[in-house]
Amino acid sequence: MVRTRRRSVLLLLLALTVLSPLALYTSRLSAALNPVQTRDFPGEITNQGRGVKADKLNALPLETVSSLKEPVGVVFSEGLGGLAKESTGSSVVFSEELGGLAKESTRSEGQELPSRKAGEHKSRVLSEVTAAADGTEVIEQVTRREAQDGGLASAVSDEQEKTTGSQQQSSSEESLQETVPKQTSAKVVMDNSQAAKTDGKAKSSVLPDTRIRNIKDQLIKAKVYLGLGSIRANSQYLKDLRQRIREVQKVLGDASKDTDLPKNANEKVKALEQMLIKGKQMQDDCSIVVKKLRAMLHSAEEQLHAHKKQTVFLTQLAAKALPKGLHCLPLRLANEYFSLDPGQQQFPNQHKLSNPKLYHYALFSDNILATAVVVNSTVLNAKHPSDHVFHIITDRLNYAPMRMWFLSNPPGKATIEVQHIGEFTWLNDSYSPVLKQLGSQSMIDYYFGTNHANPDSNLKYRNPKYLSILNHLRFYLPEIYPKLDKIVFLDDDIVVKKDLTGLWSINMKEKVNGAVETCGESFHRFDRYLNFSNPVIAKNFDPHACGWAFGMNVFDLAEWKKQNITQIYHSWQKLNQDRSLWKLGTLPPGLITFWNKTFPLSRSWHVLGLGYNPHVNSRDIERAAVIHYNGNMKPWLEIGLPKFRSYWSKYLNYDQHLLRECNINP
C-alpha cells in the first residue's frame, strides 16, 4: 500500500516536471505570436511580444511578430505520453492535452477568437516578413527539426536558433515593422506580401528587355563620372573606366532585345558596375553629379532639337528632288516626240472632249509617271473605259514628253487630251491675283528665304509646287472647260481602285464641291490652316469646322458659275496678299472659297495618308475607291513607304523600254 502511494507520488511529480515547462513555453509562444491577444494574459506581457519576466525564461528567448519565420507546416501533437509529429499543408498546430489547463486562440485576419474548452487543439501561424533592399516583401519559410520522443531539448534548441537568426535582421526589416500596424495578423501580412510579389512579376512581364535598359543606364552613369573633377584627377581610374565603357558599348552594339546580347554581356557589365562602385567611393559630392546630369540632359535636348530640324529639312529636300530616272524619262520622250511627223502627234477621239454626257477628269501635273498611274488605274477599273475622258494640263517643259508617253502608251479606249498652261491666254496677272502674287518679288523673297528678318520655320511651305500655277488651276475649272457641267478633279498622287462613274450620279443638293471630310484628327480642322487671330478669319469661319481633302473632288460646274465661285476665290486672294490669313498652298483658300458649299462624300470614296502615315488601316484601303499618297513620301521616291508602294507600281509596265533605259524600277 505504502509502495503504491510512493509510486503515484513519483509519477505525479514526474508528470508535473515534464509538462509544466511545456505548458508555460506554449502559453508564452502564443502571446508572442499574436500581440492582439495579450490582454487575455497577466500584465507581465509587454508590447514587444515577450511573455513573463525575462529571468524566468532565459533559456527560451521569444520572438517578435516581425521576426518570426513561417515553418513549412508541421503539426505537433503533445500528450502525456510524449511528442508525436504530424505534417500539415499550411500551418503549425500545437495540440495540448493538459487536463483543461490550456487556452486556445486562433489568429484569423487580425481578429481574436474566443477561448475553447480544455483538451481542444489550438493553432498558430508563424510567419516572417522581410523587406528587401528594393522594398519588395519576401516571405521566408523555414522547417523545424524532427522532435524525437522525449527530445524536448532539441525542439527548444531549434527555437533558440530561429530566435537568434531573426534578431539579426537588417534595418530595412525594422522600418517595415513601423509601417505595418501591430494589429495586422501575420496571415494578412503574408497575403499582402504574396500579392506584392505577384504584382512585381506582372510588371516585370510587361517591361521586357530590362537588361538592355539597365546596361544603357549604367553607360549614362559612367559617362557622368567621366566628367567629374575628382574622377578625372585619377588618371588610372579614368583610363580603366573608359576601357570598361568601350567594352560594354561593344557588347551592347545594336541589340534591341535581351536575347540579342552575347554570352559575355554579364561579365562586362559586372566589370563596369565594379568600376562605378569604386568611382562612387571617390565622389562624395552629390550636387556635382546632379549638375553634370542636368548639363547632359540639356545637351541631349539641344541635339534632339537639331536632329529634328535636320530630319525635316532632309525630308523636304528629298520630296523636292527629282530622281535621276524621272529626269531621264522626259528627255528621252521629248526626243522621240519631236522625231514624229505632225500627223502622228495627235490623239484620237478628240470629238469627245466637250461631250457633257461622258465622264470627264481634270488632272494637272508635270510628273509623267504619276499621271500615267492615275490614268491607267482609272481606266483599268472602269466598267466602260470608252466613256472616260482625261484632260491633262502640264507646263511647257513637260508638254512634249507627256504627249509622247500617252501616244506610245495609249490607255485603252479612253480619250486623252494634253495641254500646257501657255494655251490659256486669258490666265494672266490682270485676271488672276494669285498669278500676280506668285511672280511678285515678295513671294520670291519669302520662298527662297532671302528675307532673313522674318524667316518661316515651317519648311513645307518652301515646296516648289506652291509657286507653280499648276497647283492653282483647280480654281479655274469652269473657264478651262466651259462646255462641261460636271468634272472630277484628280491629284497626280492618287491611285484609283474602283469604278468612279457613281460620282456623277450623286445628288450634291446645290453644293459646288463634293469631297471627303477629314474630321478624324484635330489637325484637320479649320484652325489648322487658317489664322484665326486675324479678325477677318475669326468673324467669318468656325475654327472647329471640319476640313476636307483635295485629291478626288466632284465639281458641279453649273452651280460653280451660278454662285460665282471664282470671284469669291479672287476676293480672298486679294485679302491675303501679305499672307496674313493663311500661308501658301491651295487647301486653305479652298476651305474658304467652298465654305458652306461642300457636299460630304462617303469616306469609302477617298482614303488619305499613304504618303506619311504607315498605319493606314488595310481594310480602309481595300474598300476605298481612291487611295491618296498625300505627304512627302510619294511612291515614286525612295523615301516612299514600302508597304504601300505596290498599290501604285502595279499600274506601270516596267518592261517598257524607256523605263528600263532610265533605270526606273518598282
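Mentor: Begin with a definition: axes are lines fitted to C-alpha atoms, for helices over the stretch in contact, and angles run from 0 to 180 degrees between N-to-C directions. Keep in mind that this is a predicted model.

Trainee: At what angle do helix H5 and helix H9 pack?

Mentor: Two packed helices are described by the angle between their axes and the distance between the axes. H5 covers residues 210–226 and H9 covers residues 286–320. Their axes lie 10 Å apart, and the packing angle is about 110 degrees.

Trainee: Is H5 roughly parallel or roughly perpendicular to H9?

Mentor: Angles of 65 to 115 degrees count as roughly perpendicular. With H5 and H9 at about 110 degrees, the relation of H5 to H9 is therefore roughly perpendicular.

Trainee: Is the crossing of H5 past H9 left-handed or right-handed, and what classes of residue make the contact?

Mentor: H5 passes H9 in a right-handed crossing. On the H5 side the contact has Ile220, Lys223 and Val224, and on the H9 side Val289, Lys292, Leu293 and Met296. By class, the contact of H5 with H9 divides into five nonpolar, no polar and two charged residues.

Trainee: How are H5 and helix H7 oriented to each other?

Mentor: H7 spans residues 235–252, and its axis comes within 10 Å of the axis of H5. The two axes cross at roughly 155 degrees, and angles over 145 count as roughly antiparallel. H5 and H7 are therefore roughly antiparallel.

Trainee: Which hand does the crossing of H5 and H7 have, and how does their contact divide by class?

Mentor: The crossing of H5 and H7 is left-handed. Residues in this contact include Ile212, Ile215 and Leu219 of H5, with Leu238, Leu241 and Ile245 of H7 among their partners across the contact. The contact of H5 with H7 comprises twelve nonpolar, one polar and three charged residues.

Trainee: How many disulfides does the structure hold, and which residues form a disulfide?

Mentor: The structure holds one disulfide. A pair of cysteine sulfur atoms qualifies within 2.5 Å, and here the sulfur atoms are 2.1 Å apart. The residues are Cys328 and Cys662.

Trainee: How far apart in sequence are the parts that this pair ties together?

Mentor: Cys328 lies in helix H10 (residues 324–337), and Cys662 in the segment after helix H23 (657–661). The link is left-handed, with -65 degrees about the S-S bond. Because of where the two cysteines lie, the pair ties together parts separated in sequence by 334 residues.

Trainee: Is Cys662 buried or exposed?

Mentor: Buried means under 20% relative accessible area. Cys662 has a relative accessible area of 7%, so Cys662 is buried.

Trainee: What is the phi of Asn349, and where does Asn349 lie?

Mentor: Most residues other than glycine have a negative phi. Asn349 is not a glycine, yet has a positive phi of about 60 degrees. Asn349 lies in the loop between H10 and strand E9 (359–364).

Trainee: Is Asn596 buried or exposed?

Mentor: Asn596 is found in the loop between helix H20 (587–593) and strand E16 (598–600), and has a positive phi of about 65 degrees although not a glycine. Exposed means over 50% relative accessible area. At 56% relative accessibility, Asn596 is exposed.

Definitions and conventions: Residues numbered from 1 in each chain as written. Predicted model: local features only at pLDDT ≥ 70, side-chain atom pairs only at ≥ 80, totals over all residues. Heavy atoms only, no water. Helix = DSSP H or I, 4+ residues; strand = E, 2+ residues; numbered from the N terminus. Parallel < 35°, antiparallel > 145°, perpendicular 65-115°, else oblique. Left-handed = near helix turned anticlockwise from the far one by under 90°. Contact = heavy atoms within 4.5 Å. Nonpolar A, V, L, I, M, F, W, Y, C, P; charged D, E, K, R; others polar. Buried < 20%, exposed > 50% of the residue type's maximum accessible area, 1.4 Å probe, protein only.
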